Amino acid sequence: MATIAILGAGIMATALTFPLTENGHRVHLVGTHLDQDIIDSIQKTGVHPNLELKVNDGVTAYQLEDADKAFAGADVAMSGVNSFGVHFAGKHLARLVKPGMKVLSITKGMEAEEDGTLHMLPDVLKGFFDPELVEQVTWSAIVGPSIAGEVAVHHDTCVVFCGDDQESLDYLADLFRTDYYHVWTSTDFLGHEIGAATKNIYAFAAGLGQGLLIKEGKEDDKYVRYNYNAAVFAQGQKELRQFMVLLGGVPETADGLGGVGDMFVTSMGGRNVRAGEYVGQGTPFSEVRDNLMKGVTLEGVNAIRVIGGALEPLTERGVISAEDFPLCRYLYDIIENDAPLDMPWDKFFGGEK
């Protein structure tokens, strides 16, 4: 029996407690300062209010002030916050993680320097740790098409545990594997993190076609915009693979669960797709951000802002050409400059028609 301590009580972090506890392991779920009501609900009723499900026996919920107790003696330390909380997680985990622990992250995204240099979030987390401690633990992450609620209700889910140490990956995979939670492992840590971060960009684009239908009053029409969405999806996959090559991942990783698979499920719905729908209806993104979806966490939009914002400095440095990543550049123009929806089809697929 292992003890897994998770920082963050969001729906994905909590959903992952189901396979763990069903395999007989103990989970200590620690809320951030934003999760106080969630932890309070679990402590009093056993129910996660956002998942609307009772957590399994074997889960113990802790408020942030009790994090030291929760992490003491844990075998695995998990970062379960979203990309906006990575610095918060780094600061806390740097003191909570002890030598010999296995660090496992579900936080996805990138950060960029002024010159466009991009960094994966596990590397950002490491930056808060003492260099000696970085070498005394192992680092891994979970990627792949995984909707939290589906995991919690035992829908078949296929994911990849990626990292640098195969022995740790095998250990972690065995903690989680069930008859519905299927785990593969890969030492292409960088490539899978690239896929997990960049696929969020194209989830926003997936909402544009549906938004056009709503704008035209054709959302119930016999003929939907599958052709439109498929072309946007295909260009997104092309660019996801280009990011693999640019940043040093294995190109084939883009073709699997950590690439196109994850991009597909993220494009099927959710907050980022809904934001894209508003833009497709003709709403400037600033209106979506400031009013229609004010206060809503939009990780896809953040990915566009960070990664799309890095493309111009990278172009100026000659790292990429001005023709590379036309869809990502256009989506950046939408969210930063309120560009209207006018898909640059002629720039897609190598610019050949």
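At what angle do helix H10 (residues 189–206) and helix H13 (residues 257–267) pack, and how far apart are their axes? The angle is about 30 degrees, and the axes are 8 Å apart. This is a predicted model: local features need pLDDT of at least 70, side-chain atom pairs count only at pLDDT 80 or more, and totals for chains, interfaces and linings use all residues. Residues are numbered from 1 along each chain as its sequence is written, and side-chain values use heavy atoms, without hydrogens or water.

**The H10–H13 packing**

Helices (H or I, at least four residues) and strands (E, at least two) are DSSP runs, numbered from the N terminus. Axes are lines fitted to C-alpha atoms, for helices over the stretch in contact, and angles run from 0 to 180 degrees between N-to-C directions. H10 and H13 are therefore roughly parallel to each other. That label covers angles under 35 degrees; over 145 counts as roughly antiparallel, 65 to 115 as roughly perpendicular and the rest as oblique.

Contact means heavy atoms within 4.5 Å. H10 contributes residues including His-192, Lys-199 and Tyr-202. H13 contributes Gly-258, Asp-262, Met-263, Thr-266 and Ser-267.

**Salt bridges**

The structure holds 10 salt bridges. Each is a side-chain nitrogen of Lys or Arg within 4 Å of a carboxyl oxygen of Asp or Glu.

| Pair | Closest N to O |
|---|---|
| Arg-177 and Asp-174 | 3.1 Å |
| Arg-289 and Asp-290 | 2.8 Å |

Asp-68 lies in helix H4 (residues 67–71) and Arg-95 in helix H5 (residues 86–96), so their bridge ties together parts that are 27 residues apart in sequence.

Asp-68 is partly exposed at 46%. Arg-95 is partly exposed at 37%. Arg-177 is partly exposed at 35%. Arg-289 is partly exposed at 37%, and Asp-290 is partly exposed at 37%.

**Positive phi**

Most residues other than glycine have a negative phi. Glu-52 has a positive phi near 60 degrees. Glu-52 lies in the loop between strand S3 (47–48) and strand S4 (53–54). Phe-325 has a positive phi of about 55 degrees, though it is not a glycine. Phe-325 lies in the loop between helix H16 (299–316) and helix H17 (326–337).

Is each residue buried or exposed? Glu-52 is exposed, at 65% relative accessibility. Phe-325 is buried, at 2%.

How values were computed. Buried means under 20% relative accessible area, exposed over 50%, partly exposed in between (1.4 Å probe, protein chains only).
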